[in-house]
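Thanks for making the time this morning.

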Amino acid sequence: MLTKPLKAVTSETLEACGVTAELEVAGGMEVISPVTGEAVASLAAHDVAGTEAAIALAGQAFRTWRMVPAPRRGELVRLFAEELRKSKEDLGRMVSIEAGKSPSEGLGEVQEMIDICDFAVGLSRQLYGLTIATERPGHRMMETWHPLGVVGVITAFNFPCAPWCWNTALALVCGDPVIWKPSEKTPLTALACQAVLERAMARFGDAPDGLSQVLVGGPEVGAALVDSPKVALISATGSTRMGQIVGPKVAARFGKCILELGGNNAGIVCPSADMDMTLRAVAFGAMGTAGQRCTTMRRLFVHESVYDQIVPALKKAYGSVTVGNPLETQALVGPLIDKTAYEGMQAALEEAKGLGGTVHGGEREAVGPESAYYVKPALVEMPDHAGPVLRETFAPILYVMKYSDLDDALEMHNEVGGGLSSSIFTTDLREMEIFLSARGSDCGIANVNIGTSGAEIGGAFGGEKETGGGRESGSDAWRAYMRRATNTINYSSELPLAQGVVFDI
Ligand code: UN1
């Protein structure tokens, strides 16, 4: 329970993290909490000149940091993980204040940061290249991975800190400085994370200035990062529309890009599915984080033989889910980020109705002030895979469709633009393997008997098609933050040319 005004809680939380920025700048950038719809801070924003200065400073930091041995760079990330553990409660609360997440989901996001730091510490001793057989006698061929350069990280409001950390923890061990442009909706969490990282840097001792910087500002700041040839890699999370702007700009200057964009994630419920487990997985996947994860489940294909079993149970779950203030109640579903999100949701529901959809829920809930947007999650039974079902609406809407043949379900499943996450619910080995096979799900994440959201950091995170193709976090995603050099060394006293070429002078 909160006894203080949200503004006071916000500044106390930031102070506990070590943020020293002025929070009441006259005419500054207003930060609105979706919990109440009120402004909790007003921040001084960076401009293009400030962005260029930050890029120059990061360039300097790169010259030093790239020469620090990777395991020593890992030590900084280890200290960061320690500091994150100390500030977990405060950072989790900041996420709840700024993004409206339930306490458990706010803390869960901070846990993802801790997890990727732990992963990156181990990785700092495992930045391996291959040795490769050479056709020339007395030669050795190998590849070396070197630090890449300045990394620009652009993040979205819905995950205000974890995606930054997936990038930053890896970038730091890989030898790269990071400049972070957080969403204009969630800059406070960014300042808090930066303050926590600065505590780790102070303990580390000799981290160069500008190794990690945060730029609070609008689209012009993001554009300056994207356009700068001095930023070697842009890692951007956000809408497909944003990716369509960022991708070509970075490509035009031959920069590197990791794009983690929209998804239109689906589940397939097969006749043999464990119904109780499926129900719980779908409920979390579709309603968790108020439908505002890029991995949120948005479409559900249900086999006709179990439709009358699962859909009534889902309706019941949707009817009973608690919606409310994430800071003051135990509600499972918090607010939408803003009015625009609410209007987008209502427009999609109207469109679905026009196409013969039956909408359960979706209405605004009077559980907060007029300026906050709390909604009951919507379950929509659709006669066809059409209209708004084919696109991502960043709100808690789950479209349910009946299927009779798994091949048809797969066809519809892969018909959309997004290619992020997917699930099949089955206990049939054949169905499971088909879903995971080359003719199955075309997504970057394909799950069995779990929902589409809540991925662990150990796997590579990202997706295909309009999701942008980038991979962050675990597996070998680290390679995107380094450059590869192929080295051939001649330790003989001859000079045999490759491919048998003769050139005697
Ligand atoms: C996002 O919504 O941008 O898989 C990221 C998940 C989280 C990450 C979501 N680990 O739901």
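The domain assignment, which is automatic or taken from a database, divides the protein into domain 1 (9-261 + 468-486) and domain 2 (265-457). Their C-alpha centres lie 30 Å apart, and the contact takes 24 residues from domain 1 and 22 residues from domain 2, where contact requires C-beta atoms, placed from the backbone, within 7 Å. On the side of domain 1 that touches domain 2, α4 (88-99) and α5 (103-123) are the elements that give two or more residues, and α5 gives the most, with six. Helices here are DSSP runs of H or I with at least four residues, strands are E runs of at least two, and both are numbered from the N terminus.

Please keep in mind that this is a predicted model, in which local features need pLDDT of at least 70 and side-chain atom pairs count only at pLDDT 80 or more, while totals for chains, interfaces and linings use all residues. Residues are numbered from 1 along each chain as its sequence is written.

Now, why is strand β16 (residues 421-425) largely enclosed by the rest of the structure? Five of its five residues are buried, that is, 20 or more other C-beta atoms, placed from the backbone, lie within 10 Å of their own. Ser421, Ser423 and Phe425 lie on one side, with Ser422 and Ile424 on the other.

β16 pairs in the parallel sense with β10 (residues 265-269) over four bridges, and likewise in the parallel sense with β17 (residues 445-448) over four bridges, pairing requiring at least two bridges by DSSP. Ile268 has Ile424 in β16 as its bridge partner, and Ser421 has Ile445 in β17.

How values were computed:
Contact = placed C-beta atoms within 7 Å. Buried ≥ 20, exposed ≤ 12 C-beta atoms within 10 Å, placed from the backbone.
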